[in-house]
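Let's take a friendly walk through the aromatic rings of this structure. Have a look at the sequence and the model first.

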Amino acid sequence: MAPSPHSSSPFHHLLVFFLLFAAATAFPVTSEFDLGTQKRIHFGVYFHETFLGPDNTTVTVVNMSLPYTFGDIDIFDAVLRVGSDASSTVVGRAQGAGFHMSQQEEASLIPLVLVFTAGEFANSTLTAIGRLDASGKAERAIVGGTGVFQYAWGKLASELVTSSVDGLVAAFDVYVIYYNDVRLSAIA
């Protein structure tokens, strides 16, 4: 029986291996980057959330009507200000969600993004996630950022300042480590 023109030989496998190796080394798929200088900063902002009226900043999108609001989901787009007073300067927004996750107590998982629109951090964001319970105090992990806060990490601590049926104000203490002068370049 004559050999098939499609049969493989050791030479064929070796040729394919060298062609793939040549292609992989000719077109690098990795890059390297320099993070620049590490910076550490601590600052405070105030989270102003409104529950009622035309300036409502929170909406319940799922209401399960279970004990401790278990299963409810809220979406918020609250104002960030430099002070606790409603007339203080706006520096951005806090946008995120609250997932009510406990059957035994009032507790939520809250991923949020601090979107800075004014001041020295304008056009930058910080992303944080963590748990909030009924005490009104919380610590969240800062897991990233953009703009000024490239490659950010740190801690966002919050404490309730005032609360009423109309809304609430919380103090946010932000402890963040980030890098400036980040440079990306492809490996040649």
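**Where the rings meet**

Phe 43 and Phe 121 are both buried, where buried means under 20% relative accessible area, exposed over 50% and partly exposed in between, using a 1.4 Å probe and protein chains only. This is a predicted model, in which local features need pLDDT of at least 70, side-chain atom pairs count only at pLDDT 80 or more, and totals for chains, interfaces and linings use all residues. Residues are numbered from 1 along each chain as its sequence is written, and side-chain values use heavy atoms, leaving out hydrogens and water.

Rings of Phe, Tyr and Trp (its six-membered ring) pair if their centres lie within 6.5 Å; planes under 30 degrees apart are stacked, over 60 edge-to-face and the rest tilted. This rule gives 9 aromatic pairs. One of them joins Phe 43 and Phe 121, a tilted pair at 4.8 Å centre to centre with 35° between the planes. Phe 43 belongs to strand β2 (residues 37–50) and Phe 121 to the loop between β6 (107–116) and β7 (124–133), so this pair ties together parts that are 78 residues apart in sequence. Strands here are DSSP runs of E, at least two residues, numbered from the N terminus.

Next come Phe 47 and Phe 76: their ring centres are 5.7 Å apart and their planes lie at 85°, so the pair is edge-to-face. This pair links distant parts of the chain, with Phe 47 in strand β2 and Phe 76 in strand β4 (residues 73–81), 29 residues apart. Phe 47 is buried, at a relative accessible area of 8%, and Phe 76 is buried with a value of 8%.

Returning to Phe 43, one aromatic cluster is formed by Phe 43, Phe 116, Phe 121, Phe 149 and Tyr 178.

Methods
Helices (H or I, at least four residues) and strands (E, at least two) are DSSP runs, numbered from the N terminus.
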